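Colleague: I have just opened this one. Can you walk me through it?
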Amino acid sequence: MNNTINFSKSTSFNLPKRGQSEFRFQIIGIGAILLSLAFLIWLIITVIFGSMGAFKHVEIAIQVDLTSKNVNADDVNSTSFGSIMKSGLREQFPDVKKRKDKKKLYKLISVESSLELKEKVLDNKDLLGQKVKIWVSASDDVSLYVRGKIDASLPEDQRKITDKEISWINNLGANGQIRTKVNWGFFKNGDSREPEIAGILAALVGSTLSLLVCFILSFPIGVSAAIFLEQFAPRNRLSDIIEVNINNLAAVPSIVFGLLGLSIFLGYFDLPRSSPLVGGMVLSLMTLPTIIIASRASLQAVPPSIKEAALALGATPVQAVFHHVFPVALPGMMTGTIVGMARALGDTAPLLMIGMVAFIVDIPKSILEPATALPVQVFLWADSPERAFNEKTSAAIIVLLIFLIVMNLSAVLLRRKLEQRF
Amino acid sequence: MFTRSIYFLLPLLFFGTSSLARDQINIVGSSTVFPFSTAVAERFGKSTDFKTPVVESTGSGGGMKLFCAGTGASTPDVTNASRRIKKSEADKCAKNGVTPVEAKIGFDGIVIANSRSAPNLELTLKQIFLALAKNIPDANENIIPNPFLNWSEIDPSLPDVRIEVLGPPPTSGTRDAFAELALEGGCKEFDFIKTMKKTDKAAYKALCHTVREDGAYIEAGENDNLIVQKLEANPSALGVFGYSFLEQNSDLVQGSLVNGVEPEFEEIASGNYPIARSLYFYVKKEHIGVIPGIPEFMSEFTKEDTWGEDGYLVDKGLIPLDEASRSQWSEKINNFEPLEMN
């Protein structure tokens with residue numbers, strides 16, 4: 001082939017071949033983007049469809065007798081609300097006589113319903129002394145059936161709900177005693193072993209507290225380290241070693257930081273196990289290298305003329321860096337921090353070691369109380385045998401994704417606000 | 001700008017008033033006992049004035065390690081186990097000044113299930129061993145690498161499909177129990193292997209407990225829900241998981257009969273179903289009276305409403321002890337009788 005270009009003949013520019021390779025590259029590029037988009041859309045659609053049920057709450061109305069026969073108005077706490085509920089159910093279905101059937105009948109409503117009734121009575125003392133219709137949570141299996149998630153056409157031994165239970169549910173439904181409403185409890189409750197009342201709030205608060213601790217620790221430390229290394233530290237063998245080590249740390253598997261946290265924060269400093277304080281500290285160890293690397297890169301990207309001009313006008317190096325270089329580099333540092341924090345938000349491995357992979361019902365009120373995190377909640381629910389937890393898992397994933405989007409969005413807005421253009 | 005934001009964030013460091021001393025029970029241990037332990041913890045938290053205990057799922061071995069590490073608020077009060085405490089662990093506990101109180105709470109059946117769209121299988125322990133052990137004896141009592149590819153090669157009555165079993169990885173207690181009860185159970189049906197137990201215990205254990213690694217046994221992770229989903233997609237595969245997952249997914253999967261016994265609640269409870277193990281928890285005696293609520297938690301666990309035949313743990317998939325053992329264990333537990341190894 002002739003490699004010299006003959007400018008008098010346009011064919012020797014090899015235009016068709018170059019055009020083809022251009023075209024091929026574009027096709028491959030578009031293909032790659034389309035493929036990843038397709039996977040993303042698939043993921044989001046499956047998660048959204050899977051989670052629908054978790055946002056619906058099925059309730060059953062039961063006629064309960066709150067007259068003085070059952071409740072002592074002066075001492076509501078000592079009342080057995082469970083047996084009031086049960087007798088209400090028995091009155092509705094008087095032909096249920098066998099002990100085993102009665103047990104099945106009681107299982108139509110959630111085991112938590114007696115607590116719900118108690119709360120309603122304590123909220124509204126006017127209910128006392130009368131027979132009223134009270135709405136309480138249905139059990140998880142009833143809820144699945146009402147929402148059409150259990151196939152009643154299967155043989156009886158292949159489904160979780162018997163023919164008898166179905167006839168009771170249909171009876172209640174025909175009387176208008178079953179309703180479906182938005183499941184606000186999912187956002188207000190902590191975890192539970194009963195799918196119908198399990199909620200995400202404890203994990204959400206736990207994640208927020210851990211990330212707050214992580215941010216408060218890792219942002220100032222990471223940014224100061226980056227500024228010192230980039231602007232003040234002498235370039236010698238020692239600073240090279242430090243740089244290599246920081247880059248290596250960014251690639252260390254996260255479980256290693258968990259082990260570090262276990263031996264130092266829990267073992268040596270004796271901080272409380274499972275607490276967001278320790279969680280945040282471990283996560284900040286994990287995000288520090290990312291923040292330092294990103295911050296150094298954004299400091300490097302600041303035109304040297306800015307610093308030089310400041311120095312020329314008589315500013316000290318510290319003044320030059322903090323008044324002129326740092327504000328320009330700040331948006332880039334924020335981006336690095338958010339990238340690191342987003343990784344920290346989704347990680348469970350370091351939390352396993354310090355006891356945050358745990359079943360926690362009470363919503364943490366401080367950074368010292370036991371807490372869990374959003375990805376841990378996803379993991380625990382995905383591992384539960386009860387069918388109704390499947391949809392909870394998807395719903396928890398959605399909450400996690402929204403948390404992430406809000407975090408990224410606020411970073412983008414903050415960056416817009418702080419960004420300086422020349 | 002930066003300094004101002006720091007001043008703004010500083011007060012956040014000081015919210016929270018609780019002290020470092022622990023006022024809730026800390027439970028660690030087996031992921032198999034986790035669903036039961038959490039259910040009791042939740043009920044205990046809601047029905048008493050004590051805080052809800054924190055339950056961590058660390059695995060039986062990991063839980064024992066934390067539990068036996070010593071006494072004091074930084075160590076857990078209770079550990080769950082899907083097997084009995086080992087001699088070595090009990091020694092370590094004793095060395096660190098920990099007196100465990102043993103509590104047996106019930107049974108868990110391990111089922112071998114397949115998709116509803118395939119025929120229900122009838123297996124024996126011997127067939128399970130021949131299908132899944134790494135090495136097996138041939139007709140002349142020589143140990144050879146497992147040659148079987150299809151179930152029908154083991155026994156003509158079994159279907160002519162490839163051996164494909166999804167099960168838990170070696171880190172899981174379920175896998176240990178499966179190897180011990182199912183594989184060893186089938187293994188010792190060969191008389192010459194049974195005599196080997198007395199002569200060469202190490203070789204016996206290696207032969208009877210080693211699972212094949214040529215792709216017939218597929219490690220499917222610790223998540224039993226995942227195994228159920230994979231079985232649904234692949235009707236020729238079998239899966240190994242806990243009984244409670246079979247119960248919850250009875251529309252999708254069916255349990256194979258083992259030695260002619262169906263994996264059903266009554267059969268496991270009566271001890272007829274051969275692959276069932278006992279579940280335990282251990283309480284640190286030194287912490288009773290130090291961490292509030294431990295005796296109350298123990299009595300909540302041993303109430304008839306909790307672990308009895310109609311208790312709420314049964315709804316969660318626990319196979320209860322029989323009535324006599326329940327009253328015997330309940331007495332032991334509530335009197336804080338220290339563990340006796342024999």
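Modeller: In this predicted model, buried residues make up 40% of the 422 residues in chain A. A residue is buried if 20 or more other C-beta atoms, placed from the backbone, lie within 10 Å of its own, exposed if 12 or fewer, and partly exposed in between.

Colleague: How are things numbered, and what counts?
Modeller: Residues run from 1 along each chain as its sequence is written, with chains lettered from A and ligands numbered from 1 in the order written. As the model is predicted, local features need pLDDT of at least 70 and side-chain atom pairs 80 or more, while totals for chains, interfaces and linings use all residues.

Colleague: What radius of gyration does chain A have?
Modeller: Chain A has 31 Å, whereas a compact globule of 422 residues would have one near 22 Å. The radius is taken over C-alpha atoms, and the globule rule is 2.2 Å times the number of residues to the power 0.38. The C-alpha trace of chain A spans about 100 × 65 × 40 Å along its principal axes.

Colleague: How many helices and strands in chain A?
Modeller: Chain A has 16 helices and 4 strands. These are DSSP runs, numbered from the N terminus: helices are H or I with at least four residues, strands E with at least two.

Colleague: Where is A:Ser274, then?
Modeller: A:Ser274 sits in the loop between helix H10 (254-268) and helix H11 (276-300) of chain A. Its phi is near 65°, a positive value in a residue other than glycine.

Colleague: Is A:Ser274 buried or exposed?
Modeller: A:Ser274 is buried, because 25 other C-beta atoms lie within 10 Å.
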